[in-house]
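Here are my notes on the model you sent over.

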Amino acid sequence: MGNEWDRVKDCLDSTFVSSVGKYVDRFEVMLAEYTGAKYAVAVVNGTAALHIALFLAGVRPGDEVLIPALSFVATANAVSHCEAIPHFIESQFETLGIDPHALNDYLKHCSLSSSEGLTNRLTGRRIAAVVPMHTYGHPVEMGSLLDVADRYHLPVVEDAAESLGSCYRGQHTGTFGQLGTLSFNGNKVITTGGGGAILTNDAKLAQQAKHLTTTAKQPHRWGFFHDAVAWNYRLPNLNAALGCAQMEQLSSLLNRKRLLAQKYQEVLQDVEGIGFVVEPANSQSNYWLNTLRLEQPSLSIRDRLLTAANDGGYQCRPTWTLLHKLPMYADCPRAPLPVAERLEASLINVPSSAKLAGNMK
Ligand SMILES: *Cc1c(COP(=O)(O)O)cnc(C)c1O
């Protein structure tokens, strides 16, 4: 812990605990400076951030949105909140994120017309955006993904909820697409209790993001005039005070997470049948979660290992159940997913708190 108590106390003393105050503005500035995004808009959580980012990217009811089948359920939920339909796509073995090469081949099945953009030939629905998600902090192969998105005129909205501190070719994740989103939930790299942010380099999108997440109220000294149906998604100043204190510690936190990952890698080198997920080529990962891979994917061996580890008091977890296996998403369109299936049956997350790095050298 750093200055958390002081910042939160100062916020309480100021009486500005809700949606207006110096901390929420300061937190946005810190996020923009750190990520290199021109603008950051702080909101109540990462799901809300993704919901609004998708809306601003032009996702409308009845559209399809390409998202990885291997992701946290919030990625699909944000699409549903736009009344759009998730369309699940394949993962890449090395990065654990969207495979841009598989996506390129797959999109050849869709038809492209210049007036209407990309259409799913099987459903007749418009494909409105693609959402790369940087799994456990490991960046997607963004160079190729941007090429594919360009080729098919697809807006890119990055779900960077897990990748604060992760870069691809030296550029921070969440700043490649039209819009990107972060999460500051309790389990993420830094936390505001609950929180999220929208990143963009586009002044107009940033202004709209702020407007739509603050009830679309037109600024006025005393009047109430709202010009759109909008949301109350602004991050409270109290949460932002916590966020400012957390941001001050981010680089030391990331150093410790990197040390811990190195240690896992060293220790696992000689263990037969088990590999360790390392940061992909051209990337710097925040190592949000440390992940083992079974060299022979097997759900039953995975579950036996998880049971033994948890019985022994080690909080190990599987990766997410693939999204198309969840009841509410079972009927959504999807690409062939052999790699995602393989990852589901082989990934195991191990304790990853920076605290574990202790005095490690
Ligand atoms: C955590 C997370 C979110 C959502 O963030 P919340 O702040 O919990 O709403 C979205 N996508 C991914 C991949 C996440 O890990």
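**Notes on the model**

1. Let's start with the ligand. It has 15 residues around it, and the ones that come nearest are Gly 46, Thr 47, Glu 162, Ser 183 and Lys 188. Keep in mind as you read on that this is a predicted model.

2. Three of those side chains deserve a look at the atom level. Glu 162 puts a polar side-chain atom 2.5 Å from an oxygen atom of the ligand. For Thr 47, the distance from a polar side-chain atom to a ligand oxygen is 2.6 Å, and for Ser 183 it is 2.7 Å.

3. How much area do domain 1 and domain 2 bury between them? About 3500 Å², with 65% of it on carbon and sulfur atoms. On the domain 1 side, the residues that lose the most area to domain 2 are Phe 88, Phe 93 and Tyr 136, and together they account for 24% of what that side buries.

4. In terms of residues, 44 from domain 1 are in contact with 37 from domain 2. If you go looking for salt bridges across this interface, the rule finds 0. Polar contacts are another matter: 20 residue pairs are counted between domain 1 and domain 2, both partners being at pLDDT 80 or more.

5. Which elements of domain 1 supply at least two residues each to the side that touches domain 2? They are strand 2 (64–68), helix 4 (73–81), strand 3 (85–89) and strand 8 (167–168). Strand 3 gives the most, with 5 residues. Sorted by class, that side of domain 1 has 22 nonpolar, 15 polar and 7 charged residues.

6. Last, the salt bridges in the structure as a whole: there are 12. One of them pairs Glu 28 with Arg 234, where the closest N and O atoms are 2.7 Å apart. Glu 28 belongs to helix 2 (residues 22–35), while Arg 234 is in the loop between helix 7 (203–212) and helix 8 (237–248), so this pair ties together parts that lie 206 residues apart in sequence.

How values were computed. Residues are numbered from 1 along each chain as its sequence is written. This is a predicted model: local features need pLDDT of at least 70, side-chain atom pairs count only at pLDDT 80 or more; totals for chains, interfaces and linings use all residues. Side-chain values use heavy atoms; hydrogens and water are left out. Contact means heavy atoms within 4.5 Å. Buried area is the accessible area (1.4 Å probe) that two parts lose on being put together, summed over both. A salt bridge is a side-chain nitrogen of Lys or Arg within 4 Å of a carboxyl oxygen of Asp or Glu. A polar contact is a pair of N or O atoms within 3.5 Å; within protein, one must be able to donate a hydrogen and the other to accept it, and residues adjacent in sequence count only if both atoms are side-chain atoms. Helices (H or I, at least four residues) and strands (E, at least two) are DSSP runs, numbered from the N terminus. Ala, Val, Leu, Ile, Met, Phe, Trp, Tyr, Cys and Pro count as nonpolar, Asp, Glu, Lys and Arg as charged, and the others, Gly among them, as polar. A residue is near a molecule or strand if one of its heavy atoms lies within 4 Å of it.
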